[in-house]
Amino acid sequence: MFSSILPALVALPFILALPILQPRQATDCADVVTIFARGTTEPGTIGITVGPALRRELQATLGTKTLSFQGVDYPANVAGAIAGGDAQGSQTMADMVEQTAIQCPGSKIVMSGYSQGAQLVHNAAGLVSSSAATAVSAVVMFGDPENGQPLGNGLDDNSTTFCNNGDAVCDGKFIILPPHLAYATDGSTQKAADFISTKV
C-alpha cells in the first residue's frame, strides 16, 4: 500500500511547484471594452436602464467585433451624487481603465456613464494617467450633471453627451423629471452606439 503511494509523494513537490493556470475569460480582452457607471439608486453594476440598453445596441452595432461591457461597482447613492460623484467609485473606474490599458493593449476602451455615472466619468478622466487616456477611444455620457464641463486629459475630442430638453439634471439640478428617465428608450443609446462604432 505504502509503495503505491510513494511515487505520488515524491512527485508532489514538483506538482506544487508548477504554476497555476487561471482560465482566461473570453471577454477579458475583447475588441471593445466598455466601462460603464450606472445612475443613482440603480441596482447591479450596470443598472436597469441606460446600461443594458447601451450594451444591447452596442452588441448589435459592432457586428463581428467582440464586446466586454463592465459595470463599475460603487454605492450609487444620493450622497455620492450630491458630492459630485462617489469618490471611491470614480477611483474604481479610473483603475479599471488603467488595468484594461495595461492588460489588453489591443482593446479599444470606452468610458460611459448615466447621471451620477456621468459624474464618475468626469472624475475618472482626471484620475487616469495620460498613457491610459490615450487608450480610451470614446467617452459617452447620458443625463450629465456636469454637462458642458471639459473632461481634460485629451478625451474631449472623442466624447459626446446626451442631454434631453427638460432634463434638469443636465442643468445641475437634482430634480428627476421624465426627460432624465428617457435615455434608454428614446433612441439615445442607439445614437451612442453609432458614435462609438465610428471611434473603435
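Modeller: A disulfide, meaning a pair of cysteine sulfur atoms within 2.5 Å, joins Cys 29 to Cys 104 with an S to S distance of 2.1 Å. The model is predicted, so local features need pLDDT of at least 70 and side-chain atom pairs count only at pLDDT 80 or more, while totals for chains, interfaces and linings use all residues. Residues are numbered from 1 along each chain as its sequence is written, and side-chain values use heavy atoms, with hydrogens and water left out.

The link of Cys 29 and Cys 104 is left-handed, with -70° about the S-S bond. This pair connects distant parts of the chain, 75 residues apart: Cys 29 lies in the loop between helix 1 (2-17) and strand 1, and Cys 104 in the loop between helix 4 and strand 3. Helices (H or I, at least four residues) and strands (E, at least two) are DSSP runs, numbered from the N terminus. Cys 29 has a relative accessible area of 32% and is therefore partly exposed, whereas Cys 104, at 5%, is buried. Here buried means under 20% relative accessible area, exposed over 50%, and partly exposed in between, with a 1.4 Å probe and protein chains only.

The structure holds 2 disulfides. Cys 163 and Cys 170 form a disulfide with their sulfur atoms 2.0 Å apart, and their link is left-handed, with -90° about the S-S bond. Cys 163 is partly exposed because its relative accessible area is 26%; Cys 170 is buried at 8%. With bonded cysteines counted along the chain, the disulfides follow the pattern 1-2, 3-4.

A nonpolar core is a set of buried Ala, Val, Leu, Ile, Met, Phe, Trp, Tyr and Cys residues joined through side-chain atoms within 4.5 Å. The largest such core has 26 residues, and Ile 35, Val 72, Met 93, Val 97, Met 111, Val 139 and Leu 155 have the most contacts inside it. Among the elements giving two or more residues to this core are strand 1 (32-37), helix 4 (87-103) and strand 3 (108-114). Contact means heavy atoms within 4.5 Å. Not counting residues up to four places away in sequence, Ile 35 touches, among others, Val 72, Met 93, Val 97 and Met 111.
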